[in-house]
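Keep the viewer open as you read.

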Amino acid sequence: MLSFSSLLILLACAHRGQAELPPPAAAQEQSIQDPVVVLQQGAVSEKVIVRLAALSALIELSPEPAGGVYGAMGLGDSNPYVQRAAVDALAARLPEAESLEHLRAFCYRSDVDPYVRGHAGVHLALAGEEIPEHFSQAMGREKAHWKRIPLALPAAMMGDAQALEVLQADLRRGDLPMELTLFADIGRSGLTVLAPALLEGLPLMEEDLSIPVAAALLELGDRKGESLLKDALGDEDLVRRLEAVDALAKVHTPQANTLLSRSGGPPAVKDYANLVLVERGEGDIQRAITSLSDADRELRTQAAWALGGFLAGEVSGRPRRQAHTALLGALQDVEPVVVSQAVQSLGMAGDSSDSRAISPFLDAESSVLQVRTAHALLSLDPSPLEPRIGLLEPIQPNLALPLQ
């Protein structure tokens with residue numbers, strides 16, 4: 001999920017620009033574009049966000065082990081954000097042996113960003129892999145403490161006592177970059193002994209890191225994390241309140257849900273907290289549907305995301321029908337970002353009959369929306385991928401249907 005702390009703007013009467021996309025009803029014919037080709041083209045795009053989305057989709061959906069050529073292609077990309085997305089997509093395929101081998105090989109590469117390398121190592125540790133000596137050796141070669149930390153974390157998770165001591169000492173020093181994935185990984189590491197070191201280092205960190213650290217503490221079961229987040233939710237600064245909800249949206253514990261359910265203050269905060277709960281199968285579904293008509297496009301985007309998670313769960317009856325109808329209506333939104341999220345959410349919902357409503361957006365002006373539409377369509381019906389087993393080779397941009 002994208003961060004929604006940008007709701008700080010939350011203009012009471014957000015300006016709604018001219019429609020940039022034709023509504024689905026305006027398209028009389030299905031798109032002539034091939035969703036597989038759209039993803040292949042996106043995988044070689046110069047735009048990082050397009051390449052990232054396309055490679056993630058191809059790795060996720062490919063019937064070939066480890067996403068075929070696209071697993072290696074994503075890990076071999078020059079951009080660390082694309083690499084991280086590929087790592088996550090391969091991790092989602094575990095315990096598949098080929099994906100495990102790709103991740104293991106990636107962790108042995110010394111030429112990649114230590115934060116991405118360490119993130120891959122955390123996935124391996126959570127999958128039960130034990131190669132701590134490799135990360136310990138890499139950690140020992142790093143002079144800067146902020147580069148050691150992401151390498152020490154998987155080693156510590158794999159049982160290296162010395163790596164754990166190094167990690168605790170470096171966390172106490174504070175002075176860490178805004179690498180939010182690191183703190184999320186610390187939170188899910190299960191290493192409760194890291195909580196005191198985090199708390200000791202917190203006063204020495206940038207103020208912007210206080211909420212991510214609090215979320216990590218909460219996930220580690222430390223009551224101080226709960227207290228810090230509760231304070232942030234009651235802060236006079238709207239931005240800080242929204243950042244606290246952002247952080248809680250990434251923590252799946254009963255304590256996080258309790259904090260979300262008790263969120264008060266401005267409607268922006270309460271509505272966002274409710275949407276996070278709706279995405280988890282809780283919260284007020286009618287309020288979430290109403291949020292799809294809000295003047296602020298960020299809140300409409302959040303609502304489309306939340307309803308997608310709701311529909312992807314085990315829900316039925318009238319609430320499901322209402323949420324589904326509302327998402328179909330969101331395809332008519334004037335803002336591409338809202339439409340893009342609605343398309344993505346309908347792809348998650350698993351109703352193949354939605355393909356006809358979604359497919360016209362393969363011809364959208366936005367290349368990101370094209371890729372997300374292709375992803376959604378192939379999630380609903382992966383059969384176009386099946387005949388291409390062994391043939392999902394990267395294609396050259398000038399051989400593909402053009403992405404804008």
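## Ground rules

Helices here are DSSP runs of H or I with at least four residues, strands are runs of E with at least two, and both are numbered from the N terminus. Keep in mind that this is a predicted model, in which local features need pLDDT of at least 70 and side-chain atom pairs count only at pLDDT 80 or more, while totals for chains, interfaces and linings use all residues. Residue numbers start from 1 along each chain as its sequence is written, and side-chain values use heavy atoms, with hydrogens and water left out.

The predictor gives each residue a confidence from 0 to 100, called pLDDT. The chain averages 88, and 88% of the residues score at least 70. Confidence is highest in helix H4 (residues 80-91), with a mean of 98, and lowest in helix H7 (residues 132-141), with a mean of 82.

Two stretches call for caution. Over residues 4-28 the pLDDT is below 50, although the model gives this stretch 55 contacts beyond near neighbours in sequence (a contact means heavy atoms within 4.5 Å). Residues 397-404 also stay under 50, with 23 contacts beyond four places in sequence. Where pLDDT is low, the predicted coordinates should not be read in detail.

## Salt bridges

A salt bridge here is a side-chain nitrogen of Lys or Arg within 4 Å of a carboxyl oxygen of Asp or Glu. The whole structure has 14 of them. One joins Arg188 to Asp185, with the closest N and O atoms 2.9 Å apart. Both residues belong to helix H10 (residues 180-188) and sit three residues apart, about one turn of the helix. Asp185 is buried at 3%, whereas Arg188 is partly exposed at 29%.

Asp235 and Arg240 form another salt bridge, at 3.6 Å from N to O, and Asp235 is partly exposed at 25%. Then there is Arg297 with Glu335, whose closest N and O atoms are 3.2 Å apart. Arg297 lies in helix H18 (residues 297-312) and Glu335 in the loop between helix H19 (317-330) and helix H20 (336-349), so this pair ties together parts that are 38 residues apart in sequence. Arg297 is partly exposed, with a relative accessible area of 39%, while Glu335 is buried at 9%. Elsewhere, salt bridges with shared partners link Glu101, Arg104 and Glu129 into one network.

## The nonpolar core

A nonpolar core is a set of buried Ala, Val, Leu, Ile, Met, Phe, Trp, Tyr and Cys residues joined through side-chain atoms within 4.5 Å. The largest one has 122 residues, and those with the most contacts inside it are Leu153, Leu171, Ile186, Leu198, Leu229 and Leu307. Beyond its neighbours within four places in sequence, Ile186 touches Leu153, Leu171, Leu194, Leu198, Ala216 and Leu220.

Leu194 comes from the loop between H10 and helix H11 (195-201), and at 0% relative accessible area it is buried. Leaving out residues up to four places away, Leu194 has contacts that include Leu164, Leu167, Gln168 and Ser189.

## Two helices side by side

Helix H2 (residues 48-61) packs against helix H22 (residues 367-380) at about 10 degrees, with axes 9 Å apart. Axes are lines fitted to C-alpha atoms, for helices over the stretch in contact, and angles run from 0 to 180 degrees between N-to-C directions. That makes H2 roughly parallel to H22; under 35 degrees counts as roughly parallel, over 145 as roughly antiparallel, 65 to 115 as roughly perpendicular and the rest as oblique. Among the residues that meet are Ile49, Val50 and Ala53 from H2, and Val368, Val371 and His375 from H22.

Gln83 in helix H4 is buried at 5%. Apart from residues up to four places away, Gln83 touches Gly74, Leu75, Asp77, Phe106, Arg109, Val112 and Val116. Ser99, in helix H5 (residues 97-107), is buried at 0%. By contrast, Thr290 in helix H17 (residues 285-291) is exposed at 55%.

Definitions and conventions:
Buried < 20%, exposed > 50% of the residue type's maximum accessible area, 1.4 Å probe, protein only.
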